[in-house]
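Subject: Structure for you to look at

Hello,

Here is the structure I said I would pass on. Please open it alongside this message.

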Amino acid sequence: MTQTVMDKPDPMTHPLQDRFGRRVTYVRISITDRCDFRCLYCMSEEMEFLPRPQILTLEELYQVSRAFVELGVDKIRITGGEPLVRKGAVGLMAQISQLPGLGEVVLTTNGSHLVQEAKHLKAAGVRRINVSLDSLKPERFRQLTRVGDLAGVLAGIDTALNQGFEKIKINAVILRNRNHDEICDLVNYAIGKGIDISFIEEMPLGRVEGHDRAGEYCSSDEIRQRLEGVFELLPSMVSTGGPARYYRVAGTGTRIGFISPHSHNFCGTCNRVRVTAEGRLLLCLGNEHSVDLKAVLRTEANGIEALKSAIVASMAIKPERHHFDLKAEPMILRHMNATGG
Ligand code: SAM
Ligand code: SF4
């Protein structure tokens, strides 16, 4: 999708506006690169994680969140790695949710800690949770995550549902000959629970072994066509301002989203940036343009104002779009867990 460079943005109306007139209102923050799973599309089996001093402290994460909110960001997603493996994660979310002007703090998790944490997350002010779930078959779930326990994740989803969050949504990455035969089962699971589900096309982030990215790619269009053989899908007008296109499953309360970085480029309406676990502000998931916020935090005396200036200045280097190619060597060497997916 091509974009025209708009007139000079008016910094008075929204300080975070890029060269293409897109406003950044949404930040995804990876609070750890560590994880208790090793999903084969996300990590390699033997991962080297960042030394702890390189990771932002909880206080630094709070300051970064505060700076973004003071610049007009109204939604913060806490992600990782697995955010709930970080000590103090729930307390941090409680603090962030109190920031004046922030609309909502939401969470993406693999669900492994929800049985214990769902209640505390609700109390911390987390409004919505996305849970990743790629298979309903225990053996296959373990193969895809290399170590994960399906029963624990399903129990976690039920615990979260009982807490009455505004929304629980399933995220599923579909890979040909791995789990593409479960597309309808996953939708039926979502319908049974009265929740939404999004299917995500795999992105080539970092080198992963034991998995053929190009060969196992399954497009959103193919997934949708398979579903249309079984369910009546009604295009939904609802837009979250994000990359997903939504359909409602007729006769149910469930919506199905398709996140299609390859087949339907969504860069034209991009409203988000990411902060990696080590405090790198990433302007685009598919490019390396970034700003080292940790360096600003650790060297500048007037922390919050310096942070805000660095974030505003970063708008000048937000790229127009990504160029993913599954067949080529990954251009982006960082894995999704370090990225804030
Ligand atoms: N650990 C949490 C989880 O799994 O939900 C949060 C972090 S994880 C990196 C966030 C989302 O990114 C998950 O839904 C996961 O399936 C997705 N993901 C990871 N690697 C991906 C890739 N290479 N392409 C597309 N999605 C990916
Ligand atoms: Fe961990 Fe999430 Fe990556 Fe899976 S997708 S390895 S759960 S960070």
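Below is what was found in it, starting with the whole chain and ending with single residues.

Please keep in mind that this is a predicted model.

Overall chain

The protein chain holds nine helices and twelve strands. Of its 341 residues, 57% are buried. Among the contacts in the chain with a separation of 6 or more, 72% are between residues 24 or more positions apart.

Ligand 2

The shell around ligand 2 consists of Cys-35, Phe-37, Arg-38, Cys-39, Cys-42, Met-43, Gly-81 and Asn-110. By class, five residues of this shell are nonpolar, two are polar and one is charged.

Helix pairs

Two packed helices are described by the angle between their axes and the distance between the axes. Two pairs are described here in that way.

Helix α1 (residues 58-70) packs against helix α2 (residues 89-97) with the axes 10 Å apart and an angle of about 25°. Angles under 35 degrees count as roughly parallel, so α1 is roughly parallel to α2. The crossing of α1 past α2 is right-handed. On the α1 side the contact is formed by Leu-58, Leu-61, Tyr-62 and Ser-65, and on the α2 side by Leu-92, Gln-95 and Ile-96. The contact of α1 with α2 has five nonpolar and two polar residues, and no charged ones.

The second pair is helix α3 (residues 114-123) and helix α5 (residues 150-163), whose axes come within 8 Å and cross at roughly 25°. That angle makes α3 roughly parallel to α5. Their crossing is right-handed. From α3, the residues Leu-114, Val-115, Ala-118, Lys-119 and Lys-122 meet Gly-152, Ala-155, Gly-156, Ile-157, Thr-159, Ala-160 and Gln-163 of α5. The contact of α3 with α5 divides into six nonpolar, four polar and two charged residues.

Two positions and their neighbours

Val-106 is part of strand β3 (residues 104-109). Its relative accessible area is 0%, so Val-106 counts as buried. Leaving aside residues up to four places away in sequence, Val-106 touches Lys-75, Ile-76, Arg-77, Ile-78, Val-126 and Arg-128. Val-106 and Lys-167 are 61 residues apart in sequence, yet their C-alpha atoms are 9.7 Å apart.

Thr-57 sits in the loop between β1 (26-30) and α1. With a relative accessible area of 36%, Thr-57 is partly exposed. Again leaving aside residues up to four places away in sequence, Thr-57 touches Arg-86 and Arg-298. The C-alpha atoms of Thr-57 and Thr-32 are separated by 9.9 Å, and these two residues are 25 residues apart along the chain.

Positive phi

Most residues other than glycine have a negative phi.

Arg-146 is not a glycine but has a positive phi of about 70°. Arg-146 is in the loop between α4 (138-145) and α5. At 19% relative accessibility, Arg-146 counts as buried, because the cut-off for buried is under 20%.

Asn-177, also a residue other than glycine, has a positive phi near 65°. Asn-177 lies in the loop between β5 (167-173) and α6 (183-193). Its relative accessibility is 67%, so Asn-177 counts as exposed.

Regards

Key. Residues are numbered from 1 along each chain as its sequence is written. Chains are lettered from A and ligands numbered from 1 in the order in which they are written. This is a predicted model: local features need pLDDT of at least 70, side-chain atom pairs count only at pLDDT 80 or more; totals for chains, interfaces and linings use all residues. Side-chain values use heavy atoms; hydrogens and water are left out. A residue is near a molecule or strand if one of its heavy atoms lies within 4 Å of it. Ala, Val, Leu, Ile, Met, Phe, Trp, Tyr, Cys and Pro count as nonpolar, Asp, Glu, Lys and Arg as charged, and the others, Gly among them, as polar. Axes are lines fitted to C-alpha atoms, for helices over the stretch in contact, and angles run from 0 to 180 degrees between N-to-C directions. Helices (H or I, at least four residues) and strands (E, at least two) are DSSP runs, numbered from the N terminus. Angles under 35 degrees count as roughly parallel, over 145 as roughly antiparallel, 65 to 115 as roughly perpendicular and the rest as oblique. A crossing is left-handed if the near helix is turned anticlockwise from the far one by less than a right angle, and right-handed if clockwise. Contact means heavy atoms within 4.5 Å. Buried means under 20% relative accessible area, exposed over 50%, partly exposed in between (1.4 Å probe, protein chains only).
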